[in-house]
Amino acid sequence: MFDDPNKQRQLTKWVISVIAICILFYLGLRHITSVAKVIINLIHLVKPLLVGIVLALILNVPMSFIEHRFLAKSKIDKGKRPLAIVLSLFLVIGIFIGVAFLVIPELIEAIKLIVQIATKSLDQLAQIENNKTLSQGAVATILGKIDIDWMGLKIQLENWFKSQSSNLMEQATRAAGAIVSTVITFVIGLTFAIYILAQKEILKRQTYRLIHVWLPKRFGNIFIHVAEVCGNTFKLFIAGQATEAIILGTLCMIGMAILRLPYAPMIGALVGVTALIPIVGAFVGTIVGAIMILTVDPFKAIIFVIFLLILQQIEGNIIYPQVVGSKLNLPAIWVLAAVTIGGNLSGPFGMLIGVPAASAAYALIKEATTTREKNMQKNI
């Protein structure tokens, strides 16, 4: 059957490869804990590089737009790429810093005011119980039935804060260390990202050369094609996500202005920025906005929470699938399915990666199906 020596060698290589893969798979399953530890350690070692790759993919969207739209007709030649990188960095980082400077001081003042109001309220409730004249009123009667030592509660809260001061200092020290480590990783990753963006064409050619030299031709071509589809999909996803965040922030600001809620422009910008973070961003925008409005009018804070919950449902089920789906050429139903499945599998990270992954898979399957249909029609 296999008189040809070449076919015999190919069959032998195929059998040996299958057996080797099965053995490695079995050993990996048997020592899954050790394998997981090794993988985690490797990820930790290359974490700055991974952060740099992700930042490069994100910054490449505004950089390409600035380079091809605004700087295409300019007389700048050699400095076009560095200028585009600097402008994209100013744009992305400036948005987050600007919103932080707007929101964080107001949030700190709001929390301080809430603590002061709570302390004064406990003092007033204690005075009502201790004052003979006030203790005969209807409010005091109700408070007496509740049977709470308001002054004792206040003292307990003060003692608890004092006792927790040392723990808070330890936690603050740990948090400061984690923040410093995160900042260092981010700075190193950002440096990698700048190098990647500055020399992306050279890196692309070098990667293609390595793939063509070290991988089989057919597999290498498939790998390159899949990587290109995934890269273009992620770029379109970032553009769609930014568009959707702008729409949500604008709708939030307009809705708050119609309902006459305070801090409409500020909270609208906050909701738009936090919308870039799946699931967690929605809660952050709602909680921070509610705390800020609570210091002005508690009833309006309740209205804001209800309004934003309704707006987020509309955004998640109608606006997001349409906007992001149109950018990725992915039907809205598959966008919603990708968000749901990705969120159930890996939480916020799964929701972030699920949509571009589903779009890339959809494009590749559609392309493969079309090619297979053409081949089938030729054979008929």
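Biologist: Which residues is alanine 198 in contact with, leaving aside its neighbours within four places in sequence?

Modeller: Those are Arg81 and Ile85, where contact means heavy atoms within 4.5 Å. This is a predicted model, in which local features need pLDDT of at least 70, side-chain atom pairs count only at pLDDT 80 or more, and totals for chains, interfaces and linings use all residues. Residues are numbered from 1 along each chain as its sequence is written, and side-chain values use heavy atoms, with hydrogens and water left out.

Biologist: Why does alanine 198 count as partly exposed?

Modeller: Buried means under 20% relative accessible area, exposed over 50%, and partly exposed in between (1.4 Å probe, protein chains only). Alanine 198 has 38% relative accessibility, so it counts as partly exposed.

Biologist: Now to the rings. How many aromatic pairs does a search of the whole structure find?

Modeller: The search finds 1. Rings of Phe, Tyr and Trp (its six-membered ring) pair if their centres lie within 6.5 Å; planes under 30 degrees apart count as stacked, over 60 as edge-to-face and the rest as tilted.

Biologist: Why is the pair of phenylalanine 234 and phenylalanine 237 called tilted?

Modeller: Their centres are 6.4 Å apart and their planes stand at 45°, so the pair is tilted.

Biologist: What makes phenylalanine 234 count as buried?

Modeller: Its relative accessible area is 15%, so phenylalanine 234 is buried.

Biologist: And why is phenylalanine 237 called buried?

Modeller: Phenylalanine 237 has a relative accessible area of 1%, so it is buried too.
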